[in-house]
Amino acid sequence: WRSWRRQPGFALGTILVLTLGLGASMALFAALDRVLFRPLPYTDPARLVSVGSVTLRDGSPVFAGFSESLIDAFYVQQWATSPAPFQSTTAMAALVGTRTCEIAEGDPEGVRCDLVEQNFLRFLGARVALGRDFAPEDDVRGAPPVALISHSLWVRRFGADRGIINRTLSLEQAGSLRRVRIIGVLPQDFEMPLQTADILLSNQLRPIDPNGRGRMSMTVLARLRPDVTPDRARLMLQSQWASTTGVKLPPAFREEWRVRTLRDRRVGDAPRVARLLMGAVAVFLLIACVNVANLMLARVGERRREYGVRAAIGAGRLRLARLALAESLLLALAAGGIGLVVAFMLLQTFVAMAPPGIPGIAAASIDVRVFVVA
């Protein structure tokens, strides 16, 4: 500390340079840690996969997902009893089109709504924080509509009122108004597998409407059996689809199944972009370290007389090395401490700039993991 007082410019310059390098590195790691590095917050996440079919015409996709005409034969009947390569499956409305609905009472508010199957939370290994989960009778076509709301919506809109259960909520979506009964509140740390949602509604797939002529895409999630890989599951589905449905496509068309891990579906091309960002920040941190090293080398040159005097009165090489190490450690700790503050501010900027709908990004924070990395 006394040496810093003698040369405050050196100390402040070194701490400032290190603070910028460490702060940027920690902020980026904190943002990416939630998205790329941490295990997914579900039971046995390594075996969770996203399943879908793509209709190809001359090698180009023309329709992705399940068509409603095939749900009865393939999803509802076949997978409900024996989902082939999977231990269990669940379905949710496809992540296409608008998922925005509006609370049409009090102060109107646009929120994100998702249609899910009744076993959705149990499939992921999650439980409601308040109230009850969807039941099989809630998922029958024509049943009274019920909803689960997110913890953030419960706190923001309803003031964390525990009497919210069984209250009726008016929702408007695509020009239609309906009243749904709130039956539960999701846990505070619950994350949707693919995109954020404020309200979960029962999908009510069963029974299939025999007069239905529309086509509906679904996002299907499955849990692989222990001895099945995603590639093997894809091959099994490819043969099973043709034998179950009996559908024959024209020569130019081909149905192709795709099975990929839930993490791959969540992050998409994010790992490639993340590696580029991490590389850029690593270079920035390296530049900071090189600059600090040059400053310290210059200072050592200026202190040769001091070191000579210390050695003359009995200081050995180990003691002089300990002195240099102690000063370096003090500089690093000071820069790291201030860098945490800088990282916190930068992280808020990163989260605000992130594209909407990235799972987990809103929960990014400076926690113990980030502190250890720092």
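**Close-up views of strands and salt bridges**

**View 1. Arginine 157 and glutamate 109 form a salt bridge.** Their closest N and O atoms are 3.3 Å apart. The pair links distant parts of the chain, 48 residues apart: arginine 157 lies in helix H5 (residues 151-158) and glutamate 109 in strand S5. A salt bridge here is a side-chain nitrogen of Lys or Arg within 4 Å of a carboxyl oxygen of Asp or Glu. Helices (H or I, at least four residues) and strands (E, at least two) are DSSP runs, numbered from the N terminus. Arginine 157 is partly exposed, with a relative accessible area of 23%. Glutamate 109 is buried, at 18%. Buried means under 20% relative accessible area, exposed over 50%, and partly exposed in between (1.4 Å probe, protein chains only).

This is a predicted model, in which local features need pLDDT of at least 70 and side-chain atom pairs count only at pLDDT 80 or more, while totals for chains, interfaces and linings use all residues. Residues are numbered from 1 along each chain as its sequence is written, and side-chain values use heavy atoms, leaving out hydrogens and water.

**View 2. Side chains alternate along strand S4 (residues 100-103).** Cys101 and Ile103 point to one face and are buried.

**View 3. S4 pairs with strand S5 (residues 109-116) in the antiparallel sense.** Four bridges join these strands; two strands pair if DSSP finds at least two bridges between them. Cysteine 101 stands opposite valine 111 in S5. The hairpin of S4 and S5 has five residues between the strands. There, glycine 106 takes a positive phi near 60°.

**View 4. S4 also pairs with strand S8 (residues 168-173).** This pairing is antiparallel too, over two bridges. Glutamate 102 has glutamate 172 in S8 as its bridge partner.

**View 5. Glutamate 191 forms a salt bridge with arginine 266.** The closest N and O atoms are 3.2 Å apart. This pair also links distant parts of the chain, 75 residues apart. Glutamate 191 sits in the loop between strand S9 (176-185) and strand S10 (199-202), and arginine 266 in helix H7 (residues 262-267). Both residues are buried.

**View 6. The side chains of arginine 47 and aspartate 44 meet in a salt bridge.** The N to O distance is 2.6 Å. Aspartate 44 is partly exposed, because its relative accessibility is 36%. The whole structure holds 13 salt bridges.
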